[in-house]
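Let's take a walk through a protein and look for places where charged side chains pair up. Have the sequence and the 3D view ready.

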Amino acid sequence: VGHSPRTASRRPDQLRLLQVASLSHVKNQVLLIEAVALLARDLDVRLDLAGEDTLDGALQAYARDLGVADRVLFHGYVAHDQLAPLFANADIYVQSSRHEAAAVAVLEAAAIGIPVVGTRVGYVADWADDKVVAVDAATPQALSRAIQELHADGVRANKLSAAAGAWPRSHDADWTAAEFDRLYR
């Protein structure tokens, strides 16, 4: 399933962000919600958060406190086979983790052509500069600026998403099995 990061029906001042991850301190959605508050000054921004809430509503309260509760949609746990509409509506996938090994949702976003912005951890660190936009300073200002710059540059967004999308297609289960076979020999 392909996805175009630039939907013709959207205006340049509209932006739909997505993160699929448990709501937790490690995933650092506080940073992302703060970035949304900054982005909301200039854009009609919406953030879809899909994931089990391990923080007992603290993020929802924080979004209310920042005045962005109407811009952040908390979907709760969403079964994998029900995520397609969220991915289909996303302009940019955002990974705000403090640390990460290999976020499957980043891989999925890349595989379907959604450009990715995130903190420099996991796949975002590995793919930085030619496949994704990595933010070194985990601040709301840096994250919002990176998101806004990528959103404004459709050519760059398409180039990055094409490069990122090629990686999971070339590193599939057959490739993985062949690499393990090579390592063990």
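Below, we go through some of the salt bridges, pair by pair.

First, keep in mind that this is a predicted model. Why look for such pairs at all? Because side chains of opposite charge can pair when their charged atoms come close. Searching the whole structure turns up seven salt bridges.

Start with Glu100 and Lys27, whose side chains form a salt bridge with an N to O distance of 2.8 Å. These two come from distant parts of the chain, 73 residues apart. Glu100 sits in the loop between strand E4 (92-95) and helix H4 (104-111), while Lys27 belongs to the loop between strand E1 (14-20) and helix H1 (29-39).

Now find Lys131 and Asp130, where the salt bridge spans 3.4 Å from N to O. Lys131 is buried, because its relative accessible area is 17%. Asp130, on the other hand, counts as partly exposed, with 44% relative accessibility.

Next up is the salt bridge between the side chains of Arg185 and Asp181, at 2.9 Å, N to O. Arg185 has a relative accessibility of 77%, so it counts as exposed.

Key
Residues are numbered from 1 along each chain as its sequence is written. This is a predicted model: local features need pLDDT of at least 70, side-chain atom pairs count only at pLDDT 80 or more; totals for chains, interfaces and linings use all residues. Side-chain values use heavy atoms; hydrogens and water are left out. A salt bridge is a side-chain nitrogen of Lys or Arg within 4 Å of a carboxyl oxygen of Asp or Glu. Helices (H or I, at least four residues) and strands (E, at least two) are DSSP runs, numbered from the N terminus. Buried means under 20% relative accessible area, exposed over 50%, partly exposed in between (1.4 Å probe, protein chains only).
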